[in-house]
Amino acid sequence: MTRLWRQLVDIREGEWSRTLAMFTYILTVIAVLVIVKSVRQSLFLQKFGAANLPYVYLLIAAIAGTIATIYQRFAHRVKVHRLLIWTMVIIIANLLIFRFLSLIGWSPLAYVLYVWVAVYGILATAQFWMLANYVYDPRQAKRLFPILGVGATLGGILGGYITQFTATALGTENMLLLSGVMLLTCIGLAWRLGTAERETIREAERARRFKDSSAEKTEGGFKLIWESKYLKLVMAIIALSIVISTVVDNQFSFVVEEHIPDKDAKTAFFGQFFTWLGWAAFLTQFFLTARVVRRFGIGVAMAVLPVALFLGSGLFVLIPMLLTGVLVKIADGTFRYTIHKASLELLFLPIPIGVKNKTKTFIDVFTDRFSKGIAALLVLLVTTLLGFHYTILSYVLMGLAVVWIGVAVLTRKEYTAAFRDSLMGRKLDEDTLIISPTDPSAVDALAESLRTAKGSAARRLLDLVEGIKSPKLIDPLVTFAHDPDIDIAKAALDRLAEQDAPEVGERLKDLLESPNVEIVERVLRIRCRRKDTLSPVELGPFLADDRPLVRLGAVMCALRSGGNIGADIVDAETLEHFLEDSGGGQDRHAMNRMLASLLRVLPDDELAHSYTRRFLDSNDPEIRGNAIESAGRLRSRELVEPLIRSLDDRRLRYKVRDALAGYGESALGTIEDYFRDPDTAFSIRQYLPRVLERIPSQRSVDILVSGLDDVDARVRFASLRSLGRLRAKYQELNFDHHRIAERLDEEVRKAYRYQGWVLDVADNTEAALLRKTLHEKSHKTLDRLFRLLAMTHPPAELYAACQALYSPNARIRANAVEYLDNVLKPPHKQWVLGLIEERPSFDQISSMLRTFGDTAPRWPDDLEHQAGTDDDWLAACALYTVWALQERKLFRLFERDPDPDRKRKRPLTVETLYNLRQRIESTPPE
């Protein structure tokens with residue numbers, strides 16, 4: 001029974017008071033609307049007849065715009081609850097005035113009242129839903145808007161009954177006074193909501209003023225709508241619905257007037273009709289609206305009303321009688337204020353608050369005005385100018401319904417895109433600064449900034465200097481050339497090489513003593529006037545220098561300059577002799593470091609290959625790093641295996657990754673062999689996915705997908721992470737959806753199992769460490785879930801939604817869940833939303849685990865499962881909890897030795913388990 005009640009009325013803790021106040025508010029507003037509608041309908045038909053209704057529609061279109069303009073000008077400047085209070089005060093005053101005018105027999109009252117009721121219906125309901133969008137986030141709105149819609153339909157029923165049973169006793173005109181008394185309730189409710197929900201409304205007000213959109217600086221709602229495809233589609237939906245509703249209403253009036261000529265019978269019929277309509281809307285709202293919106297989504301919800309009107313109008317064409325006319329009108333009224341209204345309000349959720357405030361009133365008021373005018377002109381064209389019978393209006397309705405369905409399909413796509421853009425739009429791009437070399441003031445400012453810049457600021461400024469020649473830059477660049485940060489010094493020397501300043505070489509000669517050969521080589525190029533081709537005459541003094549690095553720098557300078565000098569100097573025999581004789585007293589290791597730095601510029605590939613193969617086994621990271629870069633340049637198949645083995649060195653992995661990626665698909669066979677071999681060192685297997693993600697081919701994807709089933713959880717995660725990066729960049733590759741789905745099922749099972757264990761140990765103080773670990777495992781599992789979902793959904797949007805779920809802002813989190821609700825497919829949709837939308841109860845988790853074939857969590861027997869897992873840290877925490885509980889019956893968990901293979905791969909954690917076991921055995925329970 002509780003489950004059934006929650007499906008029908010899903011109001012959660014902390015929401016009851018707010019929802020009851022909102023429910024009562026909309027019930028009262030709609031009840032009054034039905035009462036005043038009955039009064040105006042009776043007075044107008046009695047005095048002017050149904051044939052004049054199109055003219056009053058045109059009058060509404062003309063007058064309502066002025067009122068709406070005044071309202072819109074002040075609406076966004078006033079706090080929302082105060083706006084509601086003052087609006088109600090003005091409405092009550094208007095009702096008192098109308099009653100006075102009826103007493104003196106003012107003839108135009110029927111026209112004025114008809115227009116006023118139309119404006120009241122628009123403003124009062126629009127204000128309510130504006131307030132609802134302030135106090136509810138998107139996920140609350142999806143649950144609670146249908147319930148508020150029930151309040152609206154009950155208000156229609158209440159208003160119908162009040163009219164039916166009190167109009168005769170009080171008199172038609174006195175119903176206006178009764179309506180004013182009822183609206184006093186709304187003033188009290190608005191004040192209460194403004195007080196109780198102060199913080200929520202303030203947050204929404206701050207979001208409205210937040211400068212995250214240039215659109216918020218635009219004057220007026222029309223420009224915002226014109227510049228947004230999504231807002232234009234929303235406006236089109238609203239306009240079509242109003243046009244169709246107006247035509248239906250006019251056709252219904254013709255039918256009633258034709259079949260019920262007596263005035264009193266008309267009044268009784270309208271009261272009874274509104275009661276029927278209210279009950280039909282109530283039952284639809286209570287039993288269908290929430291289920292349609294939740295199960296089928298906003299796309300189907302938007303199409304319900306136009307489909308119903310299309311079918312109803314077709315029936316009226318075949319059987320043009322009072323019953324079918326009533327059915328069409330009931331279909332319009334029923335679905336318009338239930339499913340259609342709920343879906344319409346959901347359409348505004350992805351729109352920023354500030355934009356919503358400016359556009360929603362414009363759409364609700366101005367669109368209503370123009371749409372009613374268009375509808376009136378359509379009716380006049382068909383029934384007056386062309387002289388057709390009013391039944392022809394059904395053909396017009398059917399055509400408009402078809403257009404409406406098409407617009408609804410387009411709007412559904414833009415709705416999802418709007419949530420995606422809302423999530424993705426929270427990532428800011430850095431501005432790119434460009435300095436013009438022809439702007440003296442800009443160059444002066446740049447030179448001044450260089451004199452005081454340090455660290456990362458200096459690096460950015462040196463990048464800006466590229467290509468700019470100015471004597472004002474030389475002094476700060478020379479200073480940076482002597483910077484202890486090698487990267488800054490090299491960048492400064494590169495910029496100095498671009499300057500037309502031959503004398504700068506003398507200011508840099510002290511850098512020839514630098515221990516870094518790349519610095520020395522850059523200085524030599526500047527001193528040799530940066531010629532593209534150098535001669536032995538220019539390099540001769542440096543090649544004969546007593547300093548080994550200067551000689552080596554001269555060789556590098558020759559090699560990089562091109563020409564014959566490099567080939568003349570560097571061959572196998574002369575190079576070996578040159579290095580052995582250089583430096584007189586320098587050891588062989590130092591010479592090898594110098595030679596390794598030359599590998600990437602050696603012109604002879606055979607010579608380079610020989611030294612590269614030798615240096616790949618070096619213990620010196622600098623020598624080995626240069627050899628790795630050389631291997632990446634040479635791309636010899638013989639060097640692939642030594643490169644892969646070099647992944648064992650954490651300091652050189654990024655160089656190995658780039659080198660292997662340079663091989664492309666030719667290296668995949670060897671990479672796959674090492675990746676699949678369980679005897680390969682873990683440090684290598686875990687990093688190979690980073691290499692594979694740099695080789696965008698189908699075979700790389702297939703290898704990584706196979707890694708999702710690896711026995712080692714860390715290898716599985718590394719494979720998944722790299723698959724995600726490939727998916728984000730190369731969506732044309734084929735990702736095995738069947739294997740992805742299998743892994744997704746397993747991760748969902750793990751997520752529910754971890755959450756069940758967390759709840760199971762919640763009250764055990766001895767399990768605090770275990771509980772913390774299970775929390776962490778649960779979060780990591782959720783991360784893997786989203787990475788797997790990104791294999792079959794747009795990756796960037798999924799990752800943005802995942803990040804938004806951890807936002808401190810409740811509305812951002814709710815937007816993320818709403819986006820996921822619209823893009824995920826069953827059954828993963830229900831599984832994932834059950835994990836992230838709310839904390840599932842222990843019973844819900846147990847039920848879900850049973851559907852997966854798992855047993856429900858059961859303390860403390862779960863400790864045996866946790867202690868036997870392949871996650872060593874979780875096992876350690878479980879064993880520690882056993883020791884803390886001092887339960888002898890659980891000591892059997894320590895009788896078996898840890899997995900020796902696991903001990904070999906992760907000795908520290910397993911050693912901890914051994915020590916823990918000894919501690920437990922040394923302190924047996926009392």
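Leaving aside its neighbours within four places in sequence, which residues is A458 in contact with? The first view has the reply, but here are the ground rules. This is a predicted model, so local features need pLDDT of at least 70 and side-chain atom pairs count only at pLDDT 80 or more, while totals for chains, interfaces and linings use all residues. Residues are numbered from 1 along each chain as its sequence is written, and side-chain values use heavy atoms, with hydrogens and water left out.

**View 1. A458 and its contacts.** Once neighbours within four places in sequence are set aside, A458 is in contact with A453, F480 and I488 (contact means heavy atoms within 4.5 Å). A458 sits in helix α16, residues 455-465 (helices are DSSP runs of H or I, at least four residues, numbered from the N terminus). A458 counts as buried because its relative accessibility is 0% (buried means under 20% relative accessible area, with a 1.4 Å probe and protein chains only). Between A458 and I488 there are 7.5 Å in space, C-alpha to C-alpha, and they are 30 residues apart in sequence.

**View 2. The largest cavity.** The structure holds three cavities of 30 Å³ or more, and the largest has a volume of about 1200 Å³. (On a 1 Å grid over the protein atoms alone, a cavity is a set of points where a 1.4 Å probe fits but cannot get out; lining residues have an atom within 4 Å of a point. Points are joined across faces, edges and corners, and the volume is the space filled by probe spheres set on them.) Of its 48 lining residues, L33, K37, S245, R336 and Y337 are the closest to the centre. Helix α12 gives the most to this lining, with nine residues. Domain 1 (1-215) and domain 2 (217-415) both give lining residues, so the largest cavity lies between them (domain bounds come from an automatic or database domain assignment).

**View 3. Two cysteines.** C186 counts as buried, at 0% relative accessibility. C802 is buried too, with a relative accessible area of 10%. As for disulfides, the structure holds zero (a disulfide is a pair of cysteine sulfur atoms within 2.5 Å).

**View 4. R635 in its loop.** Look for R635 in the loop between α27 (621-634) and α28 (640-645). R635 has a positive phi of about 55 degrees, although it is not a glycine. Most residues other than glycine have a negative phi.

Note on methods:
Helices (H or I, at least four residues) and strands (E, at least two) are DSSP runs, numbered from the N terminus. Buried means under 20% relative accessible area, exposed over 50%, partly exposed in between (1.4 Å probe, protein chains only). On a 1 Å grid over the protein atoms alone, a cavity is a set of points where a 1.4 Å probe fits but cannot get out, and a pocket is an open set with protein on both sides within 12 Å along at least five of seven lines; lining residues have an atom within 4 Å of a point.
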